[in-house]
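Trainee: I would like to learn how to read a model like this one, feature by feature. Where shall we begin?

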Amino acid sequence: MNAKIIEALKSRFGEQAAQTSEFRGELTVIIPKERIVEVCRFLKEDPGLRFDFLADLSGLDMFTPVNRFAVVYNLYSLANKHRIRLKVFTEEDEPKLPTMTGVWSTANWHERETFDMFGIVFEGHPDMRRVYLPDEFEHHPLRKDFPLMGIPGSLPLPKKS
Amino acid sequence: MEQRPEEVARKTRILQALENQHTSVTFEDALENDMILNMGPQHPATHGVLRLLIRLDGETVVGCVPEVGYLHRGYEKLAESCTYHEFIPHTDRLDYLSPLNNNTAYALAVEKLLGIEAPPRAQYLRVMISELARISSHLMFLGSLAMDVGALTVWMWAFREREKQYDLFENIAGARFTTSYTRIGGLAQDVSAETLAMVKKFVDELPGHLLECENLLNTNRIFLERTDGIGVVTPDQAVDLGFTGPGLRACGIGHDLRKANPYLVYNDLDFSVPVYTGGDALARYYVRMDEMRESVKLIHQVLQKMPGGDVHAFKPKKVLPRKERVYTKMEELIHDFMIVNFGVEPPVGEIYSAVEAPKGELGFYIYSNGEGYPWRLKIRSPSFVNLQTLPVMMKGCMISDVVAIIGSLDPVMGEADK
């Protein structure tokens with residue numbers, strides 16, 4: 001199945017989806033961020049692949065000078081019972097990615113969570129708010145430069161009326 | 001209606017999100033007005049600390065924004081400074097109604113990363129505890145849904161059964177609630193023959209007790225009218241929204257990871273996946289009741305087929321050695337020291353491993369850079385994703401149906417908020 005997916009992606013997107021790796025039988029494909037929505041739509045709608053289910057979307061802080069942040073899409077095919085992982089890198093100074101909500105509605109909260117935890121902004125998202133932490137909070141805690149103990153005083157208490 | 005700029009600024013962002021939702025309601029009568037109702041986070045029917053902002057037209061819900069995060073404890077951040085073993089107790093606190101299932105899911109994920117497998121007896125025992133946890137979670141669902149629509153007796157009866165289960169968990173794991181029972185490559189300890197006899201007695205008696213509850217509910221006019229046709233999700237919407245678990249199977253999609261991508265020894269066991277087509281609260285109730293009976297069937301098979309042997313894989317560099325050997329043998333002492341202090345060191349790589357938890361697909365995405373600590377551990381919690389379906393389910397329902405819909409969704413906020 002993995003070989004079939006690689007072949008289908010290569011014939012459609014050429015070199016842009018050529019960066020693949022396999023670990024424990026799971027296929028990971030690195031996609032340039034301009035093409036990610038297109039690739040997902042292709043994987044979802046292609047009759048042979050039918051990755052119709054976005055199981056998970058998560059951020060990843062590589063803490064490297066280039067390509068610091070990654071967003072990982074774990075797709076699942078209900079028909080073929082198969083998983084695939086897509087990965088998109090984005091830079092530290094402008095962590096922006098196109099939203100996936102147009103392809104799967106479930107991306108809505110996942111992207112809000114990724115924004116909350118990593119500060120990655122998803123352009124075109126209908127409701128780009130924090131999902132867990134208060135709106136006034138300024139930091140993004142799952143970034144590697146955020147200390148485990150937190151930053152004292154960073155969570156403002158409600159004002160007394 | 002025009003709003004002054006200072007009024008707009010004063011509005012919280014969650015309120016704005018609610019008002020931005022597309023609603024097709026029109027108010028012709030000047031006396032009619034829409035109302036915004038805040039429900040939770042301290043509300044008995046929200047099953048924890050779920051907060052809902054509901055926009056009402058009379059008694060009809062026209063829009064709803066769920067707000068989560070009141071129980072956020074930052075487990076994904078904590079995981080990055082725990083060794084793989086140290087994180088096991090934290091998994092208890094995700095879905096605290098079925099901690100054994102979370103333990104199993106996490107152990108399976110790390111084992112996949114390490115490339116090891118638990119011995120057969122441990123795998124059978126893991127199936128047994130997962131199914132016991134599934135029954136425990138579904139009993140909670142049964143009791144709370146019935147209570148949400150006004151039937152208190154079922155709550156008491158469901159909790160009587162859960163109490164017996166907690167006695168079982170105490171015998172199996174040593175703790176009633178926070179079990180932390182699995183280890184990487186096996187289990188904390190073997191289960192005694194007396195405990196297995198207790199499990200057998202429990203699953204022998206359970207179907208009769210379920211029938212008692214069903215006799216109270218299945219032909220109860222109040223229960224049926226409060227749940228039939230309430231909170232409908234179509235199959236397309238469910239897949240689009242990432243709905244998993246009994247809710248998805250109530251929409252007519254028979255997706256169950258135990259069948260689709262069998263893990264542990266589910267392949268060798270005989271069970272069926274109940275599927276209903278209503279997509280409403282009643283169908284979700286039927287699915288869960290049938291699933292409990294399938295779990296009973298599975299546990300019976302496990303008790304029959306379970307082989308003997310060790311419950312620990314023999315992988316000295318990856319699996320914690322037995323305590324009695326640590327105290328008497330040099331080699332084991334060294335391995336214990338290394339694993340406790342530096343952690344098991346998996347290869348560089350990333351995996352996603354998911355199991356069918358009582359509430360849906362519980363997945364762990366682990367990115368390892370070869371150290372004893374995960375570089376990134378993402379928890380794909382079913383409750384979090386399932387809560388996204390609430391606005392779809394609630395659109396157009398009555399205010400009294402809100403509690404029935406939340407009850408039928410069965411969210412656990414410990415898991416949704418991580």
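Mentor: Let us begin with contact: two residues are in contact if their C-beta atoms, placed from the backbone, lie within 7 Å. This is a predicted model, in which local features need pLDDT of at least 70 and side-chain atom pairs count only at pLDDT 80 or more, while totals for chains, interfaces and linings use all residues. Residues are numbered from 1 along each chain as its sequence is written, and chains are lettered from A and ligands numbered from 1 in the order in which they are written.

Trainee: How many residues of chain A are in contact with chain B?

Mentor: On the chain A side there are 31, and they touch 34 residues of chain B. Strand 2 (26–30), strand 3 (53–61), strand 4 (69–77), strand 5 (82–90) and helix 3 (107–118) of chain A each give at least two residues to that side. Here helices (H or I, at least four residues) and strands (E, at least two) are DSSP runs, numbered from the N terminus. Strand 3 of chain A has the largest share, 6 residues.

Trainee: Which classes of residue make up the side of chain A that touches chain B?

Mentor: Ala, Val, Leu, Ile, Met, Phe, Trp, Tyr, Cys and Pro count as nonpolar, Asp, Glu, Lys and Arg as charged, and the others, Gly among them, as polar. On that side of chain A, 15 are nonpolar, 6 polar and 10 charged.

Trainee: How do I read the packing of helix 7 of chain B and helix 8 of chain B?

Mentor: Axes are lines fitted to C-alpha atoms, for helices over the stretch in contact, and angles run from 0 to 180 degrees between N-to-C directions. Helix 7 (residues 152–173) and helix 8 (residues 193–217) of chain B pack at about 170°, with axes 10 Å apart. That makes helix 7 of chain B roughly antiparallel to helix 8 of chain B, the term for angles over 145 degrees. The contact includes Trp157(B) and Leu168(B) from helix 7 of chain B, and Phe202(B) and His209(B) from helix 8 of chain B. By class, this contact has 12 nonpolar, 5 polar and 3 charged residues.

Trainee: What is the strand order in the open sheet of chain B?

Mentor: Two strands pair if DSSP finds at least two bridges between them. This sheet of 3 strands has the order 1-2-3, with antiparallel pairing. Strand 1 (34–39) and strand 3 (60–67) of chain B stand at the edges with a single partner strand each, so one side of each has no neighbour in the sheet. The twist averages 20° from one strand to the next. Strand 2 (residues 51–57) of chain B is joined to strand 3 of chain B by 7 bridges, and Arg51(B) stands opposite Glu67(B). Helix 2 (residues 13–20) of chain B lies across strands 1, 2 and 3 of chain B, at about 140° to strand 3 of chain B.

Trainee: Is Lys418(B) buried or exposed?

Mentor: A residue is buried if 20 or more other C-beta atoms lie within 10 Å of its own, exposed if 12 or fewer, and partly exposed in between; the C-beta atoms are placed from the backbone. Lys418(B) counts as buried because it has 25 such neighbours inside 10 Å.

Trainee: What should I know about phi?

Mentor: Most residues other than glycine have a negative phi. Lys418(B) has a positive phi of about 55°, and sits in the segment after helix 19 (413–417) of chain B. Phe63(A) also has a positive phi, near 60°, in the loop between strand 3 and strand 4 of chain A.

Conventions:
Angles under 35 degrees count as roughly parallel, over 145 as roughly antiparallel, 65 to 115 as roughly perpendicular and the rest as oblique.
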